Amino acid sequence: MLDNRVARNLPDIYDGIKETDELTKTVSVELDELDNARKRVDVEQFIMTASEKFIRMRERGYDIRADPTAESLDFRKRRIIARQSTRLPITQRKVHEILTELVGHSNFEEYLDVENCTATFTFEATDTMLNREIDFTLERIIPLNMGLKVARRLLTKLYLPSYLATGSEITLHPMNIGTIETQTRSNNLVGVKTASTITITPL
């Protein structure tokens, strides 16, 4: 008797019968394939574990034209989750949950002006696809009676030229400012000419 999942459950009377051996081998393979298909269904029904093929099917349901060359599969999954979440009623907590799923935790700031009925959201300046999806999502979930403002924050380094004069030599140095909020103090010299006298004073 063959040792497969079907043959081991048959009585000994079928042992050594060629037709039975071939039949149990075939049925065993089909049952294994059925188990694998059932596991794939369990995996594909959840967005974060689904393959690109099923993500493509879900995107068609939301009229999303994805660009696999510019958009990662992870971003496409998070975009679908955000689209599914934009259903009424929308609360402030729900807005935070949707944005957190889309851009990540602590990657945005919200300024809510209750008196003027305006909401301002600030995000880190990222790729164009994500920025477009952020705008699309906020326009769908923010009520029409509220003013919506979306700002992008760009963190960069600013280099200013400075120089050091020693005798007849002038050495140029790039001065690094970490962020735009960094304050610097500059003490420059200015010349004031009065008749034949030139006075050098710090500015």
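Reader: Leaving aside its neighbours within four places in sequence, which residues is Arg-83 in contact with?

Author: Arg-83 touches Tyr-62, Ile-64, Glu-133 and Phe-136, once neighbours within four places in sequence are set aside. Keep in mind that this is a predicted model.

Reader: Okay, and where is the place of Arg-83?

Author: Arg-83 sits in helix H3, which covers residues 73-85.

Reader: Does Arg-83 count as buried or exposed, going by relative accessibility?

Author: Arg-83 comes out at 12% relative accessibility, so the label is buried. The cut-off for that label is under 20%.

Reader: What does the side chain of Arg-83 make a polar contact with?

Author: The partner is the side chain of Glu-133, at 2.8 Å.

Reader: Lys-77, buried or exposed?

Author: Lys-77 has a relative accessible area of 10%, so this lysine is buried. Its place is in helix H3 as well.

Reader: At what angle do H2 and H3 pack?

Author: H2, residues 52-61, packs with H3 at about 35°, and the two axes are 11 Å apart. The crossing is left-handed.

Reader: Which residues in H2 meet which in H3?

Author: On the H2 side there are Glu-52, Ile-55, Arg-56, Arg-58 and Glu-59, and on the H3 side Leu-73, Arg-76, Lys-77, Arg-79, Ile-80 and Gln-84. That contact divides into three nonpolar residues, one polar and seven charged.

Reader: Anything about the loop between H2 and H3? Which residue lies there?

Author: Asp-63 lies in that loop. Its phi is positive, about 55°, although it is not a glycine. In general, most residues other than glycine have a negative phi.

Reader: Is Asp-63 exposed or buried?

Author: With 70% relative accessibility, Asp-63 is classed as exposed.

Reader: Switching to the sheet. What order do the three strands have?

Author: It's an open sheet with the order S1-S2-S3 and mixed pairing. From one strand to the next, the twist averages 15°.

Reader: In what sense do S1 and S2 pair?

Author: S1 and S2 are antiparallel, with six bridges. In that pair, Glu-110 stands opposite Phe-121 in S2.

Reader: How many bridges join S2 to S3?

Author: Seven, and those two strands run parallel, with S2 covering residues 118-124. Thr-118 has Gly-147 as its bridge partner in S3, and Phe-121 has Val-150.

Reader: So where in the hairpin of S1 and S2 is the positive phi near 55°?

Author: At Cys-117; the hairpin has four residues between the strands. Cys-117 has a relative accessible area of 28%, so it counts as partly exposed.

Reader: How many residues of S2 are buried?

Author: Five of its seven residues are buried, so S2 is mostly covered.

Reader: Which helix lies across S1 and S2?

Author: H4, residues 92-103, does, and it runs at about 155° to S1. H5, residues 128-141, packs on the sheet too, touching S2 and S3, and its direction makes about 160° with that of S3.

Reader: Zooming out, how many helices and strands does the chain have?

Author: There are five helices and seven strands. Along the sequence they follow the pattern α-α-α-α-β-β-α-β-β-β-β-β.

Reader: And what share of the 203 residues in the chain do buried residues make up?

Author: Buried residues come to 23% of the 203. As for contacts with a separation of 6 or more, 34% are between residues 24 or more positions apart.

Notes. Residues numbered from 1 in each chain as written. Predicted model: local features only at pLDDT ≥ 70, side-chain atom pairs only at ≥ 80, totals over all residues. Heavy atoms only, no water. Pairing = 2+ DSSP bridges. Axes fitted to C-alpha atoms, helices over the stretch in contact; angles between N-to-C directions. Contact = heavy atoms within 4.5 Å. Buried < 20%, exposed > 50% of the residue type's maximum accessible area, 1.4 Å probe, protein only. Polar contact = N/O pair within 3.5 Å; in protein donor to acceptor, adjacent residues only side chain to side chain. Left-handed = near helix turned anticlockwise from the far one by under 90°. Nonpolar A, V, L, I, M, F, W, Y, C, P; charged D, E, K, R; others polar.
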